[in-house]
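Subject: Structure for your files

Hello,

Here is the structure I said I would pass on. My notes on what was found in it come below.

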Amino acid sequence: MTAKTAHQGGDCAPSTREQELRQLESDLNNREVCLIEREIKALRLQEEVDRLRPLSGLYRVVKAVATERKLDSLLEVIARETQMMLKCDRCSVWVLDPVKAELWTQVAQGLVGHHTIQTPLHGTSIVSECARKSQVINIPDAYADPRFDSEVDMRTGYRTHSILCVPMRNRSGSVIGVFQVLNKVGGPFTSDDEDWLEGLTAVAAGLIEQAQAYDEIERFAEKTLETLAQTIDKRDPLTAGHSVRVTSYSLLIGQAMKVPDDEIDVLRYSALLHDYGKIGVKETTLWKPGRLTPEEYKEVQKHAQITFELLSTLPFTARLAQVPYIASCHHEKIDGTGYYRGLKGQDIPFLARIIAVADVFDALTSVRHYRNRMPIDKVSEIMQAGKDNHFETACVEAFYKLSAHQVLKVMESERGLRVPREIEVFKDVSWHRLVELLCGSQPKRGEDGYKSAFEQIYNANLPPDYKPLD
């Protein structure tokens, strides 16, 4: 019995091992099946992502219109999304100028440091042919196509392989530009790529038309406002250009103080129109060759209120709605002694505080009926003494940190002549440091010629019969 039992026990062991091996094999097979199924699902998911990528790109392009009106920025968004949608290396957007009969790159990805590329509509380039014939051009091997000009590659160090060009048509069917994409990842562009890019150009064309119309309106509005400002300046040839210079100084200060982009236009138009109310002041008072009487000064002060009243009648957009108010506050003072509202400190709009600095500086450094340009040491004395009573200190300090070259470039436009080349020497010195040198500071290495160069520029061709301000 013992031997038999042992023999039976010996028969059980191999059977159990076989079962374990079969179970292990089954488990491995099941795991392998699961892995394969997972891989298949991942591949299908990737295929679905790839299939939906162009749709998401189209959605983002359309969405961009809700927040972006500038043509340049809009085209940058379109080019970026096109690159992602088609998995290509570069995208260029060519816009047709029908007047000049040429195409030019509004957006050209990858051409860092290169200027805008232009090509004639009736030229031999692939882009020109696409626009001229209004046909899709799909080239799998650029260097094998006789239409391809390799000179651009030689100039930029880029290597073009595949090209897809699609004409961009407006609602009337006329070609307004060309989308060009280069170097499809993984091979040449497909017919699906052509379909997607044609769909994108159909969407983009409408957006570009809209943005171009918006740009035209903006340019018209800006030119109209410039003309309004110049009508005031040109009443008196001696003060012509004052509003433009104040605008230039204000923008330099604003940029130095990191005024947000959406407020820069408000600053520009407010500065440009800050003296518009002078249209309501008698010319005999404005042109008086000497000190104003208290009564005459009160009359001149009215121009701030007149500026507000006149500009408030203009249909400014919501974005520029504050222009009349800001423009009319440029004579307010931090200590509350300004006019016409008598605002104080932070109650004065920030942009108006910038304009106040620019306005006074230009007035002091320009020729007037009763005086010559004021000596810079006296100008600086007035500007520094005005901190925290007349001016916002931060605005004055931001102005003094500007490059002397920037300041002089604006200042010398007062002459109505070409800005002298001698100004170039001041690119590496701040206005603050230049003023220190003009006021007697000891020159450091490389600063020896600044004072004499400045005096030669500043005092050139000044009318000899004008008396200095006492």
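Two strands count as paired if DSSP finds at least two bridges between them. Helices (H or I, at least four residues) and strands (E, at least two) are DSSP runs, numbered from the N terminus. This is a predicted model, in which local features need pLDDT of at least 70 and side-chain atom pairs count only at pLDDT 80 or more, while totals for chains, interfaces and linings use all residues. Residues are numbered from 1 along each chain as its sequence is written, and side-chain values use heavy atoms, with hydrogens and water left out.

The chain has 16 helices and six strands. Of its 470 residues, 43% are buried, meaning under 20% relative accessible area with a 1.4 Å probe, protein chains only.

Strands first. β5 (residues 163–169) and β6 (residues 175–184) pair antiparallel over seven bridges; Pro167 has Val178 in β6 as its bridge partner. The two strands form a hairpin with five residues between them, and Gly173 in the turn has a positive phi of about 90°. β5 also runs antiparallel to β4 (residues 137–139), to which three bridges join it, and there Ile139 is partnered with Ile163 of β5. Six of the seven residues of β5 are buried, so this strand is largely enclosed by the rest of the structure.

Next, helix α6 (residues 242–256). From first C-alpha to last, α6 reaches 21 Å over 15 residues, close to the 21 Å expected at 1.5 Å a residue (the expected span is 1.5 Å times one less than the number of residues). Eleven of the 15 residues are buried, among them His242, Arg245, Tyr249 and Ile253. The elements covering the buried residues include α5 (191–233), α7 (261–272), α11 (350–364), α13 and α14 (404–411). Just after α6, Lys258 takes a positive phi of about 60°.

How do the axes of α6 and α13 (residues 393–400) cross, and within what distance do they come? They come within 9 Å and cross at roughly 100°, with axes fitted to C-alpha atoms over the stretch in contact and angles running from 0 to 180 degrees between N-to-C directions. That makes α6 roughly perpendicular to α13, a label used for 65 to 115 degrees. Tyr249, Ile253 and Ala256 of α6 meet Cys395, Ala398 and Phe399 of α13, where contact means heavy atoms within 4.5 Å. By class, this contact has six nonpolar residues, no polar and no charged ones; Ala, Val, Leu, Ile, Met, Phe, Trp, Tyr, Cys and Pro count as nonpolar, Asp, Glu, Lys and Arg as charged, and the others, Gly among them, as polar.

Regards

Note on methods. Angles under 35 degrees count as roughly parallel, over 145 as roughly antiparallel, 65 to 115 as roughly perpendicular and the rest as oblique. Buried means under 20% relative accessible area, exposed over 50%, partly exposed in between (1.4 Å probe, protein chains only).
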